[in-house]
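Hi,

Here is the structure I promised to pass on. Have a look at it first, and my notes on the aromatic rings follow below.

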Amino acid sequence: MARQKGVLKYVGTLGDVRHFKIKGQEGYFAGMVGGPSGEQVLSAPEFERTRENMNEFGACAKAGKSVRTGLSQIVKQMSDTQVAGRLTAIMKKINLEDQTEARGYRKIEITTQRNYLVGFEFDKNTSLNGIFNAPYSVTHDPARNTADFVIPAFNPANLINAPAGATHFRLIHTLSVVSDFAYNAVTNSYDPIDTAQNEVSDVQFSGFMDLYAPATATTITATLPNGITPSADVTVLQGIGIEFYQKVGSNYYLFATGNCLKIEDAF
């Protein structure tokens, strides 16, 4: 049954036409009712390719979710509404690179295709390079469990494009671990190869810095917890970002806009 949403706007089914909204997109959409039943898709021989694609797509979504979960402390205020889909698309590209397994069971071997994740912006509408223009460098130790985000002294007024009303900012440095994924015949699903290290992370912040005063040289060190040494089956994602605040009295209030985070390196 159709449901009225205003002047000639509704969601639901009217005759053979189905109307609906799509998250993150404006307007209303329509499509014909019909298609194969769920039972046909899951069992009929002619839908074998569909089942293979569904199996791998679900795995790619799971791998992308691990990236977001590892950064759950900050990702909500740093991402757009389509970040989950964009990460899934990257994992699908990585999935297609596997030439060792049969279709429908190909691995998501991030450790061999890390370049796909380098430079990923969690908010496609707010690029870190468009907001933060100060010089910086990033390094990590050979064991891959600690890293530095080094920012020489700079003038924020000249090198940061802050949202109107912001008075302060904080720089962010993250390390997060994402495992390769492989099909598990026992569980009949894709699972991280290294479940213990998957989604382990550390998020570090600079102090609150005045947007209208020179910023001193800063080094932000992030270290994976519990002294873990990343295994051969995981990738460490090094992220850098910035978030903006307005200071009122002695309190700092986080802005809803202008904050951004990107994956600077993957190793």
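A charge sits over a ring if NZ of Lys or CZ of Arg is within 6 Å of the ring centre and within 35 degrees of the ring normal. In that sense, R170 has its charged end over the ring of F205, 4.2 Å from the centre.

Some background before the rest: this is a predicted model, where local features need pLDDT of at least 70 and side-chain atom pairs count only at pLDDT 80 or more, while totals for chains, interfaces and linings use all residues. Residues are numbered from 1 along each chain as its sequence is written, and side-chain values use heavy atoms, with hydrogens and water left out.

Now the ring pairs. Searching the whole structure gives nine aromatic pairs (rings of Phe, Tyr and Trp, the latter by its six-membered ring, with centres within 6.5 Å; planes under 30 degrees apart are stacked, over 60 edge-to-face, the rest tilted). One of them is F132 with F154, edge-to-face at 5.8 Å centre to centre and 85 degrees between the planes. F132 lies in the loop between α4 (128–131) and β5 (137–140) and F154 in the loop between β6 (146–151) and α5 (156–159), so the pair ties together parts 22 residues apart in sequence (helices are DSSP runs of H or I with at least four residues, strands runs of E with at least two, numbered from the N terminus). Both F132 and F154 are buried (under 20% relative accessible area; exposed is over 50%, partly exposed in between, with a 1.4 Å probe and protein chains only). Ring pairs also link F132 and F154 with Y136, F149 and F169 into a cluster.

Enjoy exploring it!
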